[in-house]
Amino acid sequence: MTVQDTLQALGITRNYRGCLRAAAAIELVLEDEGRLEAVTKEIYLEVAQRCHCNWYAVERNIRTVVQRAWRVNRPLLTQMAGYPMDAPPTASEFIAIVANYIRRAGAQEGQAQPQPDGVAQ
């Protein structure tokens, strides 16, 4: 399961600027879960540098993606989280939820580590 496939299932397509930025953020967490301890410094700033924008634009775009996922496929997002949600998650919670879901799905498939998009398995 790839990051793009997971985002697509949530209704987040590449026509959203935040799609690629959310995917990059999730891939960073898949590489090193410790990045969640300093989201702005370790994730938003890194993605902003890659995308040639400001870190707050990255966060705003991911918030837009979260709202889209909440409107389009709330049941799947709740299933991914593994707990009931009464409100949309924050941008950083969304990144953690999706990364954790992909990691768990990879473990169930018998893979040692799920691969970020574009990396051959």
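1. Helix α3 and its surface side. In this predicted model, helix α3 spans residues 39-51 and contains L45. The relative accessible area of L45 is 39%, so this residue counts as partly exposed. Together with W55 and Y56, L45 forms a nonpolar patch on the surface. The accessible area of these three residues together is about 290 Å².

2. Setting aside neighbours within four places in sequence, V47 is in contact with R21, A24, A25, L28 and V58. The C-alpha atoms of V47 and A57 are separated by 10.0 Å, while the two residues stand 10 apart along the chain.

3. Contacts of I43. With neighbours within four places in sequence left aside, I43 is in contact with A25, L28, V29, R35, L36, A38 and I95. I43 is also one of the residues that touch the most other members of the largest nonpolar core.

4. The nonpolar core. The largest nonpolar core has 37 residues, and those touching the most other members are L7, L10, I26, I43, I62 and F94. At least two residues of this core come from each of α1 (3-9), α2 (17-31), α3, α4 (55-72), α5 (74-81) and α6 (91-108). Helix α2 gives the most, with nine residues. As a general background, nonpolar side chains tend to be buried together in soluble globular proteins.

5. T6 in helix α1. T6 has its place in helix α1. With a relative accessible area of 2%, T6 is buried, because the class requires a value under 20%. Not counting residues up to four places away in sequence, T6 touches M1, M80, V98, Y101 and I102.

6. H52 is found in the loop between α3 and α4. Phi of H52 is near 60°, a positive value in a residue other than glycine. Such a value deserves mention because most residues other than glycine have a negative phi. Is H52 buried or exposed? The relative accessible area of H52 is 74%, and this residue is therefore exposed, the limit being over 50%.

7. Overall architecture. The chain has six helices and zero strands. Read from the N terminus on, the order of its elements is α-α-α-α-α-α. Among contacts between residues at least 6 apart in sequence, 57% join residues at least 24 apart.

8. Of the 121 residues of the chain, 43% count as buried. The chain exposes about 6,500 Å², and carbon and sulfur atoms supply 46% of this area.

Terms used: Residues numbered from 1 in each chain as written. Predicted model: local features only at pLDDT ≥ 70, side-chain atom pairs only at ≥ 80, totals over all residues. Heavy atoms only, no water. Patch = residues over 30% accessible without salt bridge, like charges linked within 9 Å, V, L, I, M, F, W, Y side chains within 5 Å. Areas by Shrake-Rupley, 256 points an atom, 1.4 Å probe, with all protein chains shown as cover. Salt bridge = Lys/Arg side-chain N within 4 Å of Asp/Glu carboxyl O. Helix = DSSP H or I, 4+ residues; strand = E, 2+ residues; numbered from the N terminus. Buried < 20%, exposed > 50% of the residue type's maximum accessible area, 1.4 Å probe, protein only. Core = buried A, V, L, I, M, F, W, Y, C linked by side-chain atoms within 4.5 Å. Contact = heavy atoms within 4.5 Å.
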